[in-house]
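Thanks for coming, everyone. Please take a look at the structure on the screen, and I will then walk through how some of its pieces meet.

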Amino acid sequence: MKYKEVVCEMEVTLDMISGKWKPLILYFLGQEGTKRFGQIKIFIDKISHKSLTNQLRELEEDGLVERVVYPEVPPKVEYSLTKKGKTLLPILESMCEWGEKNMDKRYRLINPLCD
């Protein structure tokens, strides 16, 4: 097994949730529950199909998201947070609150998700 050397524990967290869309995917699944690929894509409309696929694969590899494939025609695939993924919700909620408090006129909120 190849190890990643990290300076401190915070780097582990950043490694798992880094990426432009990963925090949004995790928070969306945490707030909305199990979703299909297309539902995630609709919520994050600016993400490309390829990027969403890659981000979901990485989240699955890190054990944060579970992917369930149902043997149907056409195949049905659903994504949900794992137990480990759910432990990130307080961190993501804090990020959401910080963004709400510090948003200024440079930003226009399109799809509010924070409570």
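**Helix H2 and its neighbours**

Let me begin with helix H1 (residues 9–17) and helix H2 (residues 22–32), whose axes come within 8 Å and cross at roughly 85°. This is a predicted model, in which local features need pLDDT of at least 70 and side-chain atom pairs count only at pLDDT 80 or more, while totals for chains, interfaces and linings use all residues. Residues are numbered from 1 along each chain as its sequence is written, and side-chain values use heavy atoms, with hydrogens and water left out.

H1 and H2 are therefore roughly perpendicular to each other, a term that covers angles of 65 to 115 degrees. In this contact, meaning heavy atoms within 4.5 Å, Asp-15, Met-16 and Ile-17 of H1 meet Lys-22, Pro-23 and Leu-26 of H2.

On to helix H6 (residues 89–102), whose axis comes within 10 Å of that of H2, the two crossing at roughly 110°, so that H2 and H6 are likewise roughly perpendicular to each other. Among the residues that meet here are Tyr-27 in H2 and Cys-96 in H6.

Now the rings: Phe-28 and Phe-43 form a stacked aromatic pair, 4.3 Å centre to centre with 5° between the planes, where pairing requires centres within 6.5 Å and stacking requires planes under 30 degrees apart. Because Phe-28 lies in helix H2 and Phe-43 in helix H3 (residues 37–43), the pair ties together parts that are 15 residues apart in sequence. Phe-28, at 7% relative accessibility, counts as buried (under 20% relative accessible area, with a 1.4 Å probe and protein chains only), and Phe-43 counts as buried at 14%.

Methods:
Axes fitted to C-alpha atoms, helices over the stretch in contact; angles between N-to-C directions. Helix = DSSP H or I, 4+ residues; strand = E, 2+ residues; numbered from the N terminus. Parallel < 35°, antiparallel > 145°, perpendicular 65-115°, else oblique. Phe/Tyr/Trp six-rings, centres within 6.5 Å; stacked < 30°, edge-to-face > 60°. Buried < 20%, exposed > 50% of the residue type's maximum accessible area, 1.4 Å probe, protein only.
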